[in-house]
Amino acid sequence: MERMMEPSLTDIDDMIVHEKMQAALEHQNEAWADGMADGIEPEIIADAAIALAMRETVRLHGEEGAEAMLNSLRERMLAGEFSPQRSLQ
């Protein structure tokens, strides 16, 4: 009988990060919905969310770290990762 491989520590860490990302997205979706319910335009909500994220990223990782994150986000955007038409497989 073949024994199933147990997940490595890296696999477990990746699963934890994925679960935290899902929870964070749920919180963001709730905050977005609350803002919309209060009559705040989506563009203003998006701008505020990005500004807050950048301030926190600069605080945690400095300006060079924030710039690296922006470069990564740019590449992901150009690859279509954030496109509403993108289909997940």
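**View 1. Met36 sits in helix H1.** Helices are DSSP runs (H or I) of at least four residues, numbered from the N terminus. Leaving aside residues up to four places away in sequence, Met36 touches Pro42 and Ile45; contact here means heavy atoms within 4.5 Å. Met36 is partly exposed at 40% relative accessible area, where buried means under 20%, exposed over 50% and partly exposed in between (1.4 Å probe, protein chains only). Please keep in mind that this is a predicted model: local features need pLDDT of at least 70, side-chain atom pairs count only at pLDDT 80 or more, and totals for chains, interfaces and linings use all residues. Residues are numbered from 1 along each chain as its sequence is written, and side-chain values use heavy atoms, without hydrogens and water.

View 2. A salt bridge puts a side-chain nitrogen of Lys or Arg within 4 Å of a carboxyl oxygen of Asp or Glu. Glu56 is partly exposed at 35%, while Arg59 is exposed at 58% relative accessibility.

**View 3. Arg76 and Glu81 meet through their side chains in a salt bridge.** The N to O distance is 2.8 Å. Arg76 is partly exposed, with 32% relative accessibility, and Glu81 is partly exposed at 32%.

**View 4. Arg74 and Glu75 make a salt bridge.** Their closest N and O atoms lie 3.8 Å apart. Arg74 is partly exposed at 48% relative accessibility. By this rule, the count comes to 3 salt bridges.

How values were computed: Helices (H or I, at least four residues) and strands (E, at least two) are DSSP runs, numbered from the N terminus.
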